[in-house]
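Reader: I've got a structure open and I'd like to learn how to read it. Can you walk me through it, one feature at a time?

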Amino acid sequence: MNVLFIAGTVIDDVKFDFILNGKNVSISTFRLKLEDKTVVKVIAYDNRADYCYRKIKKDDKVMIYGYLNKKYNVILDEIHIFYKNNNFHNLLFQYNLLILL
């Protein structure tokens with residue numbers, strides 16, 4: 001499993017849907033633009049999907065801990081939203097945080 005930490009800007013609204021006849025109940029997806037202009041698709045399931053749909057908006061700056069699936073989409077495990085008064089925000093986006101373990 002490829003574990004990763006990425007930070008970027010949400011470039012579209014979060015899409016939310018329910019899954020029928022599956023292991024997971026709900027799914028949300030959104031795209032994230034990294035500092036180097038790379039765009040990745042982020043997928044969240046169940047409680048994380050609900051959280052993303054309620055809290056994440058277009059143009060939010062976020063840091064994500066997750067892993068890559070076979071299609072190179074990011075499966076979200078944890079997410080942190082940076083608000084404008086957060087001091088860590090400037091440091092994080094000054095350096096493109098992308099760590100693959």
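Reader: Let's start with a side chain. Is Arg48 buried, partly exposed or exposed, and why?

Author: Bear in mind that this is a predicted model. To sort a residue, look at its relative accessible area: buried is under 20%, exposed is over 50%, and partly exposed is in between. Arg48 has 38% relative accessibility, so Arg48 counts as partly exposed.

Reader: Which residue does Arg48 form a salt bridge with?

Author: For a salt bridge, look for a side-chain nitrogen of Lys or Arg within 4 Å of a carboxyl oxygen of Asp or Glu. Here the partner of Arg48 is Asp77, and the closest N and O atoms are 3.2 Å apart. Arg48 sits in helix α1 (residues 46-55) while Asp77 sits in strand β6, so this pair links parts that are 29 residues apart in sequence. As for cover, Asp77 is partly exposed, with a relative accessible area of 29%.

Reader: How many salt bridges does the structure hold?

Author: There are 2 salt bridges. One of them joins Asp12 and Arg31, with 3.1 Å between the closest N and O atoms. Asp12 belongs to the loop between β1 and β2, and Arg31 to strand β3, so the pair ties together parts 19 residues apart in sequence. Check the accessibility here too: Asp12 counts as buried because its relative accessibility is 14%, whereas Arg31, at 38%, counts as partly exposed.

Reader: Strands next. Which strands does β3 pair with?

Author: Follow the bridges from strand to strand. β3 (residues 26-34) pairs with β1 (residues 2-10) in the antiparallel sense, over 3 bridges. Strand β2 (residues 15-18) also runs antiparallel to β3, over 4 bridges. Then there's β4 (residues 39-45), which pairs with β3 over 7 bridges, again antiparallel.

Reader: Which residues stand opposite each other in those pairs?

Author: Take one pair from each. Val10 stands opposite Leu32 in β3. Phe18 has Ser26 of β3 as its bridge partner. On the β4 side, Ile27 stands opposite Tyr45. While you're tracing a strand, remember that in a regular one the side chains alternate between the two faces of the sheet.

Reader: What about the hairpin of β3 and β4: how many residues lie between the strands?

Author: That hairpin has 4 residues between its strands, and Lys37 takes a positive phi near 75°.

Reader: Now a loop residue. Where is Asn73, and which residues does it touch?

Author: First place the residue among the elements, then check its cover and its neighbours. Asn73 lies in the loop between β5 (61-68) and β6 (74-82). Its relative accessibility is 14%, so Asn73 counts as buried. Leaving out residues up to four places away in sequence, Asn73 touches Lys41, Ile43, Tyr67 and Leu68.

Reader: Let's zoom out. How many helices and strands are there, and what pattern do they follow?

Author: The protein has 2 helices and 7 strands. Along the sequence they read β-β-β-β-α-β-β-α-β.

Reader: And what share of the residues is buried?

Author: Of the 101 residues, 37% are buried. The accessible surface comes to about 6,800 Å², and carbon and sulfur atoms account for 51% of that surface. For contacts, consider those between residues at least 6 apart in sequence: 53% of them join residues at least 24 apart.

Definitions and conventions:
Residues are numbered from 1 along each chain as its sequence is written. This is a predicted model: local features need pLDDT of at least 70, side-chain atom pairs count only at pLDDT 80 or more; totals for chains, interfaces and linings use all residues. Side-chain values use heavy atoms; hydrogens and water are left out. Buried means under 20% relative accessible area, exposed over 50%, partly exposed in between (1.4 Å probe, protein chains only). Contact means heavy atoms within 4.5 Å. Accessible areas come from the Shrake-Rupley method with a 1.4 Å probe; for residues, only the protein chains shown count as cover. Two strands pair if DSSP finds at least two bridges between them.
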